[in-house]
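Hi,

Here is the structure I promised to pass on. Have a look at it first, then read my notes below.

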Amino acid sequence: YKTLLSEIELQVDNLINGVYVNITAICPDGTEHPGHNKCKNVKASDIVSFNITVGMTDCYEGDKYIILKPVGYNETTVISVSSTCACQCKGPKGYTAGRCFNKELDPDCRLCQCEDKVTNSSCNEQCLIENCRQYKEQPACSNRGICNCGKCLCYQTRLGRVFGRYCELDNFSCPYHQGRLCAGNGECKGGECQCYAGWEGESCNCSSSLMPCRTGPGQICSGRGACICGRCHCT
């Protein structure tokens, strides 16, 4: 029992194929231990830190999650990992043909053929631009990227990541709560917060737990109201 109390260990759950997690434990005496996820002989007032590096060896589709938690403690940290296999362009002036993707694009865009089989360059160019529009009435690449050979290369921005086939998605155009995107309890997708388990609300700032509203065995808000964001709202 005393041995367990004197050790602080960081556990990694939900490991993803093609993603590696390197941990360096920084123990109370200031020593760093690369490749180790625990410190021993830790006292109650000591501080233990961990440097964590997440990297990728393969590309994959969609967003995935890694869970970090200290062994024996009821706390977790969820890290969202997404794969970007093509680097973003800095903008029209910073773009150099053939250098944005990690694979070569056809420099003359010969792969594009207009529906009417006209081979003039203006028709081909228009055909390629149409491939960069999600809807006909929308601008190419949602005005947040450039259309190169029928594919959108999304601009970089200091606000966050712009992505999607038409650069229509980002991870910053969502409600903030107390200065944190989605209150730090969810992810921004398509302009809406997708809350982690245990949280709800437009900005994921409300706990979904009913415990604060319990007024008796099996009773919520004395049976005369609804529990919203941890508070009783009487009917």
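Here is what turned up, starting with a word on the model and then going through strands and rings.

This is a predicted model, where local features need pLDDT of at least 70, side-chain atom pairs count only at pLDDT 80 or more, and totals for chains, interfaces and linings use all residues. Residues are numbered from 1 along each chain as its sequence is written, and side-chain values use heavy atoms, leaving out hydrogens and water.

First, an open sheet: three strands in the order β3-β2-β5, with antiparallel pairing. (Strands are DSSP E runs of at least two residues, numbered from the N terminus; two of them pair if DSSP finds at least two bridges between them.) β3 (32–34) and β5 (49–56) are at the edges with a single partner strand each, so one side of each has no neighbour in the sheet. Between β2 (residues 19–26) and β3 there are three bridges, and alanine 25 stands opposite histidine 33 in β3.

Then there's a hairpin, made by β20 and β21 with two residues between them. Strands β20 (residues 225–228) and β21 (residues 231–234) are antiparallel and share four bridges. Glycine 225 faces cysteine 234 in β21, while cysteine 229, in the turn, has a positive phi of about 55°.

As for rings, the charged end of arginine 161 sits over phenylalanine 163, 4.0 Å from the ring centre; that label needs NZ of Lys or CZ of Arg within 6 Å of the ring centre and within 35 degrees of the ring normal.

Cheers
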